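Welcome! Have a look at the sequence and the model below, and then we can walk through some of the details together.

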Amino acid sequence: METSGGLFALIKSLNKSEKGYFKKYANFHVRNNEKNNYTKIFDAIDLQKTYSEAKLIKKFKNERFINQFAVAKNYLYNMILASLEAYTKTVTIELRSLLNRVEILADKGLYTQAKKILKKAKKIALEYEKLTYVAEINLLEQSILRQEYDTRGLKDNVENFTQEIQDVSFQIDNIAIYEQLKSQLLIQYIETGGLRSEKDIKNFDWLIKNPLLGDERQALSVTAKVLFNELHTLYYAYTGDSKKCYEYSLKLLQLIESNPLVVETSINFPTFYLYRHSIHCSNAGIHEEALTAISRLEGLTPRTEIQRNNLLLKTLNTRITVYLRMGQIQNAMDLIPDIKNLFENSKQIDSFLKEATYWQVISLYIISEQYKTALNWFIKANLEERFLRQDLECIGRIIEIILHFELQNIDIIEYRVKAAQRFLSSKNKLYPLENAFLTAFRHLIKNTDNKGMQFFCEEIKTFLQTEATASLESNYLVYLIIVSWLESKVKNV
């Protein structure tokens with residue numbers, strides 16, 4: 001493994017309690033003459049804001065371990081993971097620990113003790129729906145019965161063991177198919193971007209027509225039912241059916257909350273679903289429920305710095321979404337300083353959500369007619385972010401032209417218009433809105449007088465009357481910004 005950047009990232013992910021536990025663990029598990037070496041390296045890396053191998057080598061040049069520094073870092077990395085395993089209490093870790101004990105006891109011939117622990121492990125595995133462990137427990141129990149020459153035990157249980165393994169294997173296969181569908185859906189959505197035509201929607205029909213999506217009874221476990229409802233939620237979110245999306249999102253949240261033992265208990269799980277539910281509520285016009293979900297998000301307790309940053313980003317992003325839907329522009333604007341501070345001081349953050357939040361801020365500044373500030377944020381977003389969503393990358397070309405137009409950067413616009421048309425055509429993203437916009441702007445560039453502006457407004461007015469109101473693009477903030485800006489030019493307000 002690569003121990004420099006990886007070790008640095010691991011140390012920086014630890015919270016105060018985890019760091020304290022590691023030092024106790026290191027002092028207990030390392031020989032006396034070496035026990036300070038690893039805590040020294042740990043503390044030195046922890047103090048660094050960015051990883052520097054050269055500074056560490058200079059700092060420890062007189063230490064014996066520096067001659068095998070790569071080995072020392074690798075040992076430290078694995079020691080931190082071991083301390084986290086001992087510190088972190090999860091069902092999965094507990095089960096793995098119990099099965100390790102079973103193997104140790106069986107090797108020593110202490111079969112009665114081993115079977116007692118196996119019984120406990122199986123109860124936990126079934127209760128928490130850890131299906132892969134059920135199969136492993138059954139195989140271990142059969143192995144122990146054979147080692148004991150317990151023919152009665154084998155006769156009484158072997159068929160049940162086999163049937164149970166077959167049942168859980170079928171459930172695991174069922175979950176795996178739902179997981180595959182979820183991954184395929186995400187890939188297609190990121191590559192396609194927002195759906196803005198009936199043709200776009202039909203390209204997603206493969207999901208909803210899948211037999212496993214037809215009836216929840218096809219989902220054979222709680223985990224599979226969570227995936228079933230999540231897939232429906234995502235499908236209706238992507239295709240713009242806010243009502244059905246909300247219905248499945250609510251059902252999904254209720255399913256998760258009614259199965260606390262089965263559903264993953266780490267903060268990432270409730271954070272993701274509460275965040276998505278708040279947006280689905282807002283899209284359906286149920287703003288108070290959206291704000292309640294956000295408040296619940298803010299009440300979660302993150303364990304690491306990365307979790308804290310992503311939780312904060314989710315609450316800021318979704319609050320802006322809800323405030324905009326409610327028409328509370330100033331409340332949304334008041335969140336921008338917190339976003340700026342988060343972006344400047346946090347490197348490890350959800351890149352997909354960060355990209356979307358950049359567009360929220362740019363849109364807010366356009367709404368408030370602070371075009372220069374909006375352009376600065378646009379430039380920063382382009383410099384910092386690798387666009388994950390093609391639709392936002394494409395619409396960004398149009399937003400940039402609007403900003404340069406409002407700032408009277410006329411000499412730049414002609415080049416930007418041509419570049420935008422080439423880019424959108426190459427991506428097959430030249431939709432009616434973009435086409436009408438670029439056509440009108442090309443005429444305006446050639447005729448910068450009042451007549452040119454009049455033509456521009458008439459072209460856009462015709463488009464707005466015939467296309468925009470029925471377009472799927474009306475569901476997306478950045479598209480609404482463009483349409484609203486165009487309407488303001490038509491109405492001269």
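This is a predicted model: local features need pLDDT of at least 70, side-chain atom pairs count only at pLDDT 80 or more; totals for chains, interfaces and linings use all residues.

- Is threonine 321 buried or exposed? Its relative accessible area is 16%, and a residue counts as buried under 20%, so threonine 321 is buried.
- Leaving out neighbours within four places in sequence, threonine 321 has contacts with Ser282 and Gln360.
- Serine 282 lies 39 residues away from threonine 321 along the chain, yet their C-alpha atoms are separated by 7.7 Å.

**Helices α6 and α7**

- Helix α6 spans residues 91-107 and helix α7 spans residues 111-127.
- These two helices pack at an angle of about 160°, and their axes are 8 Å apart.
- Angles over 145 degrees count as roughly antiparallel, and α6 and α7 are therefore roughly antiparallel to each other.
- Their crossing, that of α6 and α7, is left-handed.
- Which residues of α6 and α7 meet? From α6 come Val91, Glu94, Leu95, Leu98, Leu99, Arg101, Val102, Leu105 and Ala106, and from α7 come Tyr111, Gln113, Ala114, Ile117, Leu118, Lys120, Ala121, Ile124 and Ala125.
- Sorted by class, the contact of α6 with α7 has 14 nonpolar, one polar and three charged residues.

**Helices α22 and α23**

- Now find helix α22 at residues 410-426 and helix α23 at residues 432-446.
- Here the packing angle is about 150°, with the axes 10 Å apart.
- It follows that α22 and α23 are therefore roughly antiparallel to each other.
- The crossing of α22 and α23 is left-handed.
- On the α22 side, the contact is made by Ile413, Glu414, Val417, Ala420, Gln421 and Leu424, while α23 brings in Glu434, Asn435, Leu438, Phe441, Arg442 and Ile445.
- How many residues of each class does the contact of α22 with α23 have? There are seven nonpolar, two polar and three charged residues.

**The whole protein**

- The secondary structure comes to 25 helices and zero strands.
- Of the 493 residues in the protein, 47% are buried.
- Among contacts between residues at least 6 apart in sequence, 68% link residues at least 24 apart.
- The protein has an accessible surface of about 26,000 Å², and carbon and sulfur atoms account for 51% of that surface.

Technical notes:
Residues are numbered from 1 along each chain as its sequence is written. Side-chain values use heavy atoms; hydrogens and water are left out. Axes are lines fitted to C-alpha atoms, for helices over the stretch in contact, and angles run from 0 to 180 degrees between N-to-C directions. Helices (H or I, at least four residues) and strands (E, at least two) are DSSP runs, numbered from the N terminus. Angles under 35 degrees count as roughly parallel, over 145 as roughly antiparallel, 65 to 115 as roughly perpendicular and the rest as oblique. A crossing is left-handed if the near helix is turned anticlockwise from the far one by less than a right angle, and right-handed if clockwise. Contact means heavy atoms within 4.5 Å. Ala, Val, Leu, Ile, Met, Phe, Trp, Tyr, Cys and Pro count as nonpolar, Asp, Glu, Lys and Arg as charged, and the others, Gly among them, as polar. Buried means under 20% relative accessible area, exposed over 50%, partly exposed in between (1.4 Å probe, protein chains only). Accessible areas come from the Shrake-Rupley method with a 1.4 Å probe; for residues, only the protein chains shown count as cover.
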